[in-house]
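Student: I would like to learn how to read a model such as this one, feature by feature. Could you take me through it, giving the general idea before each case?

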Amino acid sequence: TTEYPHKSFWVPQTHYGYLAALKDLARSGEPSVLYLHIPFCAQMCFFCLCHFRITHDYERVQRYLRSLYKEIAMVARIT
């Protein structure tokens with residue numbers, strides 16, 4: 001699996017838990033690493049273990065990216 005931490009370690013949270021975790025991370029001053037996986041591919045790779053969807057519908061990819069940009073902006077306002 002390529003998830004870290006693996007989802008077996010995840011616990012159900014409300015959006016308040018998410019906000020608190022973001023604020024704690026920002027206050028900590030610790031460096032962070034962000035990994036973004038764009039789950040759309042034009043063809044299957046033989047080495048890929050990630051969640052993906054083969055597509056040539058680039059409008060679908062654009063919609064995904066617009067949503068991603070909105071979330072990034074939201075997180076930037078919070079932290």
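Tutor: Let us start with the fold, where helices (DSSP runs of H or I, at least four residues) and strands (runs of E, at least two) are numbered from the N terminus. Read along the sequence, the protein follows the pattern α-β-β-α, with two helices and two strands. Please keep in mind that this is a predicted model, in which local features need pLDDT of at least 70 and side-chain atom pairs count only at pLDDT 80 or more, while totals for chains, interfaces and linings use all residues. Residues are numbered from 1 along each chain as its sequence is written, and side-chain values use heavy atoms, with hydrogens and water left out.

Student: What share of the 79 residues counts as buried?

Tutor: Buried means under 20% relative accessible area, exposed means over 50%, and partly exposed lies in between, with a 1.4 Å probe and protein chains only. Of the 79 residues, 14% count as buried. The protein exposes about 7100 Å², of which carbon and sulfur atoms supply 62%; such areas come from the Shrake-Rupley method with a 1.4 Å probe, and for residues only the protein chains shown count as cover.

Student: Where is Thr55 placed, and which residues is Thr55 in contact with?

Tutor: Contact means heavy atoms within 4.5 Å. Thr55 sits in the loop between β2 (53-54) and α2 (58-78), and it counts as buried because its relative accessibility is 8%. Leaving aside neighbours within four places in sequence, Thr55 is in contact with Phe40, Cys41, Ala42, Arg60 and Val61.

Student: How many aromatic pairs are there?

Tutor: Rings of Phe, Tyr and Trp (its six-membered ring) pair if their centres lie within 6.5 Å; planes under 30 degrees apart count as stacked, over 60 as edge-to-face and the rest as tilted. The count comes to one aromatic pair. Phe40 and Tyr64 form this edge-to-face pair, at 5.4 Å centre to centre and with 80 degrees between the planes. Phe40 lies in strand β1 (residues 40-41) and Tyr64 in helix α2, so the pair ties together parts that are 24 residues apart in sequence.

Student: Are Phe40 and Tyr64 buried or partly exposed?

Tutor: Phe40 is buried, because its relative accessible area is 17%, whereas Tyr64, at 30% relative accessibility, counts as partly exposed.
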